[in-house]
Amino acid sequence: MSVGNHSFVTGFVIVGFPGLQPEFYGLASTVLFLVYCCILTGNVVVIILFATHNVLHKPMYFIILNLVVSDVLFSTTTLPKIIARYWFQAGAISFFGCFLQMYLVHYFGSVTSFLLLIMALDRYVSICFPLRYPMIINNSSIHILNVTAWVLAHLPSLSMVIRAYPLPYCDSNKIMQCYCDHIAITMLACTDRAPYSFPAFVVAMVALLGPLAFIIFSYCSIIVAVLQIASTQGRLKTLSTCSGQLIIIALYYLPRCFIYLSSNIGIIFSTDLRIVIIMLYSLLPPLINPLIYCLRTDEIKQIMIKRFRSIQVHVR
């Protein structure tokens, strides 16, 4: 379908890394496939441990379970298509399919952001109001908060899709990204994208910075509470209960805020470098989080140690 000198697209092509030479396509697809397998394996192990050990049926582990599910679904939304693009040269994606992927990418990102807020709330109440913790934070309240996170995450994702879908897309249909996201798609619109990109930026910042503001407040309050503990050993023990969560939060927020802000204040990266940064902050958390869960949470660590020892006994 064409209007004037423009030919409107009916589908898109995911380019991935535009500077990658064809002789490295096999290597790229293999690396991405191995990353996907590691993500699935690590997170499925956490799900199995949760399902088979009642000792993990506590508020913090219900939050972790939801994070695991979100990570797996996000990776499954993004990785298979880019793997197929480099493995089978199957980069084409339908118009509707691209916007569906865009919706899911931003949806699972928002879910994770809200779940990290709930995780910070758990630590905040546990350390700042320890006597009231059992009354405020229990399995029922965490279930309600988790469901709320999954429901509220629809709002920013839908607003982005509703504003971007009706735009006229013409001439180029090549998405310079490893998956369909709002910036990559709207850059192809043959119209001024400023009236659409700024509201989308505001929505993204609210979904990111709203939870982040509370997370910063909660951990500042935690630091103040920890400093009031008399013994150094007590301070270190209390802080150690937050270390895993802080690593997870930093992996998620810092690179995202950097890339969002840099693109709106004029810092210019090469296309390939920008895509590498985006892929790193998209894939590192789902890849590394299971290790953090297993190494930095006492119950899961003890279960893993017992399993490892029982395997050693059977081998002998």
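Leaving aside its neighbours within four places in sequence, which residues is Ser113 in contact with? Ala207, Leu208, Pro211, Tyr252 and Tyr253. Keep in mind that this is a predicted model.

Let's stay with Ser113 for a moment. Ser113 belongs to helix α3, which covers residues 95–128. Is Ser113 buried or exposed? Its relative accessible area is 1%, so Ser113 is buried.

Now move along to Met119. This residue is also placed in helix α3. Met119 is buried, because its relative accessible area is 1%. What does Met119 touch, once neighbours within four places in sequence are set aside? The contacts are Met60, Ile63, Ile64, Leu67 and Gln245. Take Met60 from that list. Met119 and Met60 are 59 residues apart in sequence, yet their C-alpha atoms are 7.0 Å apart in space.

Next, helix packing. Two packed helices are described by the angle between their axes and by the distance between those axes. Start with α1, residues 25–52, and α10, residues 271–296. These two pack at an angle of about 35 degrees, and their axes are 9 Å apart. The crossing of α1 and α10 is left-handed. Which residues meet there? From α1 come Leu32, Val35, Cys38, Ile39, Gly42, Asn43 and Val46. From α10 come Met279, Leu283, Pro286, Leu287, Pro290 and Tyr293.

Helix α10 also packs with α2. Here the angle is about 145 degrees, and the axes are 10 Å apart. This crossing, α2 with α10, is left-handed. On the α2 side we find Ile64, Leu67, Val68, Asp71, Phe74, Ser75 and Leu79. On the α10 side we find Met279, Ser282, Leu283, Pro285, Pro286, Asn289 and Tyr293.

On to charges. How many salt bridges does a search of the whole structure find? The search finds 2.

One joins Lys58 and Glu299, with the closest N and O atoms 3.0 Å apart. That pair links distant parts of the chain, 241 residues apart. Lys58 sits in the loop between α1 and α2, while Glu299 sits in helix α11, residues 298–315. How accessible are the partners? Lys58 has 34% relative accessibility, so it counts as partly exposed. Glu299 has 24%, so Glu299 counts as partly exposed.

The other salt bridge is between Arg123 and Asp122. Their closest N and O atoms are 2.8 Å apart. Arg123 is buried, because its relative accessible area is 11%. Asp122 is at 0% relative accessibility, so Asp122 counts as buried.

Now the surface. Which residues make the nonpolar patch of about 440 Å²? Phe33, Leu34, Trp87 and Phe88. Look at Trp87 in particular. Trp87 lies in helix α2, residues 59–87. At 39% relative accessibility, Trp87 counts as partly exposed.

Last stop, Gln89. Gln89 is in the loop between α2 and β4, and β4 is 92–94. Most residues other than glycine have a negative phi. What is the phi of Gln89 near? It is near 55 degrees, a positive value in a residue other than glycine. Gln89 is exposed, because its relative accessible area is 52%. The cut-off for exposed is over 50%.

That's the tour. Thanks.

How values were computed
Residues are numbered from 1 along each chain as its sequence is written. This is a predicted model: local features need pLDDT of at least 70, side-chain atom pairs count only at pLDDT 80 or more; totals for chains, interfaces and linings use all residues. Side-chain values use heavy atoms; hydrogens and water are left out. Patches are made of residues with over 30% relative accessible area and no salt bridge: like charges are joined within 9 Å, nonpolar side chains (Val, Leu, Ile, Met, Phe, Trp, Tyr) within 5 Å. Accessible areas come from the Shrake-Rupley method with a 1.4 Å probe; for residues, only the protein chains shown count as cover. A salt bridge is a side-chain nitrogen of Lys or Arg within 4 Å of a carboxyl oxygen of Asp or Glu. Helices (H or I, at least four residues) and strands (E, at least two) are DSSP runs, numbered from the N terminus. Buried means under 20% relative accessible area, exposed over 50%, partly exposed in between (1.4 Å probe, protein chains only). Axes are lines fitted to C-alpha atoms, for helices over the stretch in contact, and angles run from 0 to 180 degrees between N-to-C directions. A crossing is left-handed if the near helix is turned anticlockwise from the far one by less than a right angle, and right-handed if clockwise. Contact means heavy atoms within 4.5 Å.
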